[in-house]
Amino acid sequence: MTIPQAKPSAIEKAFPYINHDPATLPHSVDPFTITTGSGFMPYQVAPTTIPPVFKPLADLLERMPVLKLDGKPGLLATYELGKAVEGFPDLTDEIDKVLTKDGQRDLFTLTAIFRDYSYVASSYILEPCWENWCKNPEGGYGLGRDLLPHSIAGPMWRCAEILDLPPFLSYAASYALFNYTLADPSKGHEYNNLRLIRGFENGLDPKSSEAGFILTHIDMVKETAPMIHGAVKILDGVESGDRATVNDGFREILKAMEVIEASMEEMWKNSKPSDYLTFRVFIFGITSQSMFPNGVVYEGINDNQPMYFRGESGANDAIIPLLDHLLQIPMPDTPLTKILHEFRAYRPRPHREFLKYVASTTEKLNVQKFAIQDEETAILFLKTLDHVRSFRWRHWLFAREYIIRRTSHPTATGGSPIVTWLPNQLSAVMDLMIETYDNHVKDKATSISVDGPIPNGEPDFIATYKKQIVPMMDQVHDQREKLAREVERWCQERGV
């Protein structure tokens, strides 16, 4: 007897691997292919080694950091990377030979090669800025190198073409999510078991602030699988009109965000604010940066015309963009929002495709309208919005304490205005929270009734409302006023 197979859902048709075991995915698919088991993490831990033909690249990277793995000073400590790149072999033609055993492109290995070339590229063009910073921090960064040799630019460009990424250091494929390994695989992804593969300054020491900065991001993103699962539930539930499924999806996301934000709060301990400006030098981009007034020429590429790319940025992460789309948070029509949209290109293709799908499907189904029609769902919706607010508020505090108080440089590493950019998005979610509460929750919450037993043993929603929602909204109003005052003060002080 043949057992009938369940028809794939709409999201399974769009993303055939979404419910697969990530450990079974072939290396011919992008390492950031999204599953409900891996979330926004790569489906396997990144390789620490690259094919033998790229040994010159691996050797250069071992010698490159300010402090090498053996504790001795590297090329960047003595500002000698530029000289080491002279005469470096051009391995561009080797990129198309990186194949799996069955003859397909090995996207998993190619991403590791891209990671390694992008680390060298950023180090090379920013080395003069590093030297200026070390010798005279008050004097600013000076100018970076405006020509990237083809021996570095060519292979990185070809990898980027295949992976559909901008040819520059990026958050997921280079700097963070594909740049870690496990000290002891049997211990899994607990924070103290995470190690960086590549570093600029002192990142190969897991106790350093550079390592802490990157590893905290990894520690957060490793908790995103329930977010993906919850989002899929919400979309499926709204499409079928199954409110219980939608509410379960929101609860999954709420629990995941609690864990993610707890990890985020550990940034203060894992990476000291006083250390950040040092290793930050190496993650600046080319766009809107004083160090590259004329862009950077990638030798032999783009007719040798200068190019501009945005630097590494947490804005490339997909956690909050997923919730922005799912909750239909409207962003103001400003140049700052335009920058937010530009960052989308720097995410791995699977992340971009999934977020685009969520955005279009949410719009088609009108998830927000579905949520606010029911008191219970409306409160879950509002509490999820509050996690976006608290995440962005904490990000603002990081920017304020790690950067704004410590340097007058006007732009963040990604090229966005350091004072006004984060408040642009933070204000948007606060505005939606206030509108949702005032129009759909405030006067209706006392009429909440839940049929049957309380889901998951949760407390009565009326008691939850009185205990959590009212003070939560008071905090939103207070923070909105405080944020406006802070931004105005910082803008006045900086003449913005």
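Analyst: Let's start with Lys269 and Glu266, whose side chains meet in a salt bridge at 2.8 Å, N to O. The term salt bridge stands for a side-chain nitrogen of Lys or Arg within 4 Å of a carboxyl oxygen of Asp or Glu. Lys269 is exposed, at 60% relative accessible area, while Glu266 is partly exposed at 33%. Here buried means under 20% relative accessible area, exposed means over 50%, and partly exposed lies in between (1.4 Å probe, protein chains only).

This is a predicted model, where local features need pLDDT of at least 70 and side-chain atom pairs count only at pLDDT 80 or more, while totals for chains, interfaces and linings use all residues. Residues are numbered from 1 along each chain as its sequence is written, and side-chain values use heavy atoms, leaving out hydrogens and water.

Now meet Glu265, which forms a salt bridge with Arg394, their closest N and O atoms being 2.6 Å apart. This pair links distant parts of the chain, 129 residues apart: Glu265 sits in helix α9 and Arg394 in helix α16 (residues 375–404). Helices are DSSP runs (H or I, at least four residues), numbered from the N terminus. Glu265 is partly exposed at 37%, but Arg394 is buried at 17%.

Helix α9 (residues 243–265) also holds both Asp248 and Arg251, 3 residues apart, about one turn of the helix. Their side chains form a salt bridge at 3.5 Å, N to O. Asp248 is partly exposed at 29%, whereas Arg251 is buried at 3%.

Conventions. Helices (H or I, at least four residues) and strands (E, at least two) are DSSP runs, numbered from the N terminus.
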